[in-house]
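This report is meant for someone meeting the structure for the first time. It goes through strands, cores, a metal site and a loop in turn.

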Amino acid sequence: MSFLTGNFFYNGKPLSSAPLWGMSVLESGNMRFRWNETNSVRDNFFSSICAEKRKIAQPELIHSKTVYEVSSADEIFKKKGDGILTSNKFIIPAVTVADCMPIFVYDKNSNAFGVLHSGWKGTGIVKEAFFMLNKKYGSNTDDFCFVLGPHINSCCYSIDKDRAEYFAENFGSECVSFIDGNKYSLSLADANLFLLKKIGIPDGNVFVSKECTCCFKENGAFKYGSFRRQTSSLPQDLPLEEKQKHFTVQTAFVFYSF
Ligand SMILES: [Zn+2]
């Protein structure tokens, strides 16, 4: 099973002792996750990367800033939220994304790790995760490593003036650019880099993926599922539950390879 994987970076260098981050791609299939549904595509995907005794811990997403820290996978059962952290190496924390940004977290001090789902509504969840580990373990800013994973880049992410103003006000003016009329483009990466800089996370501990989930192609084919791209031809007023049948959700996770 092919999926995307990479390192955390510390001081600009890959951290070999840390867990790895991973993300499924378009051809992996739909990784949709709901507590009251089964998804055999997702089950097969994870069974191919989960060695024995490893358990997935995943909340059902609600576009919030709610983060859980768990020591066993059972603790997340039936929970809804957008972030999951653990320091148990036998757990694989996971979320789903389809244009929203997966933010992978590793804290060198406590060895806690995890992943956050950060869309426009949830922007700021990265701060929640930081303060959670900072408070619990006393981890300092330079203990933290963050990877901002593949997401819809500003090339494809147009927003209206109200949302542009909200972002410029809360996450710095650099994350929005004027296009024309009521149209602006949004960079979720710049918004999160603004927050990480404000907290004081060193640049060398942050890695940003530049691949746009909406338009990036590899060997002539789209690499990722994308809410924007795959629902752009559908009627605007189609309910979200209907739209969800038409786009491919990725799973984003952090794991130890042993
Ligand atoms: Zn793009």
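Two strands are said to pair if DSSP finds at least two bridges between them; helices (H or I, at least four residues) and strands (E, at least two) are themselves DSSP runs, numbered from the N terminus. The model is a predicted one, in which local features need pLDDT of at least 70 and side-chain atom pairs count only at pLDDT 80 or more, while totals for chains, interfaces and linings use all residues. Residues are numbered from 1 along each chain as its sequence is written, and side-chain values use heavy atoms, with hydrogens and water left out.

Burial is judged by relative accessible area, where buried means under 20%, exposed over 50%, and partly exposed in between (1.4 Å probe, protein chains only). On this scale strand E8 (residues 91-97) is mostly covered, as seven of its seven residues are buried. Ile-91, Pro-93, Val-95 and Val-97 point one way from E8, whereas Ile-92, Ala-94 and Thr-96 point the other way, and all are buried.

| Strands | Sense | Bridges |
|---|---|---|
| E9 and E11 | antiparallel | five |
| E11 and E15 | parallel | three |

In E11, Phe-144 is the bridge partner of Asp-107, while Leu-148 stands opposite Val-208 in E15.

## The nonpolar cores

A nonpolar core is a set of buried Ala, Val, Leu, Ile, Met, Phe, Trp, Tyr and Cys residues joined through side-chain atoms within 4.5 Å. In soluble globular proteins, nonpolar side chains tend to be buried together. The largest such core here has 36 residues, and those with the most contacts inside it are Leu-116, Phe-146, Phe-167, Leu-186 and Ile-201. Several elements each supply at least two residues of this core, among them strand E9 (101-107), helix H3 (161-171) and helix H4 (188-199); H4 gives the most, with six residues. Apart from this core lies another, of 27 residues, which includes Val-25, Val-70, Ile-91 and Val-254.

Contact means heavy atoms within 4.5 Å. Leaving aside neighbours within four places in sequence, Phe-167 is in contact with residues including Trp-120, Cys-175, Leu-186 and Ala-191. Ser-185, which lies in strand E14, is buried with a relative accessible area of 9%. Its contacts, under the same exclusion of neighbours within four places, include Ser-154, Tyr-157, Cys-175 and Ile-179.

## The zinc site and its cysteines

The zinc ion is coordinated by the SG atoms of Cys-155, Cys-156, Cys-212 and Cys-215, at 2.3 to 2.4 Å, where donors are N, O and S atoms within 2.8 Å of the metal (3.2 Å for Na, K and Ca), and water is not among the atoms, so sites may look incomplete. Along the chain, these donors follow the spacing C-C-x55-C-x2-C. The angles among the four donor atoms run from 105 to 117°, and the site is tetrahedral, a label given to four donors if all angles lie between 85 and 135 degrees.

Cys-155 counts as exposed, at 56% relative accessibility, while Cys-156 is partly exposed, with a relative accessible area of 22%. Cys-214 is buried, at 11%. Its sulfur is 3.9 Å from the closest cysteine sulfur, in Cys-156, which is too far for a bond. A disulfide is a pair of cysteine sulfur atoms within 2.5 Å, and a search of the whole structure finds zero of them.

## A loop residue

Asn-109 lies in the loop between E9 and E10 and counts as partly exposed, at 38% relative accessibility. The C-alpha atoms of Asn-109 and Asp-143 are separated by 5.7 Å, although the two are 34 residues apart along the chain. Not counting residues up to four places away in sequence, Asn-109 touches Tyr-137, Gly-138, Ser-139 and Asp-143.

How values were computed. Tetrahedral: all angles 85-135°; square planar, octahedral: opposite > 155°, others 65-115°.
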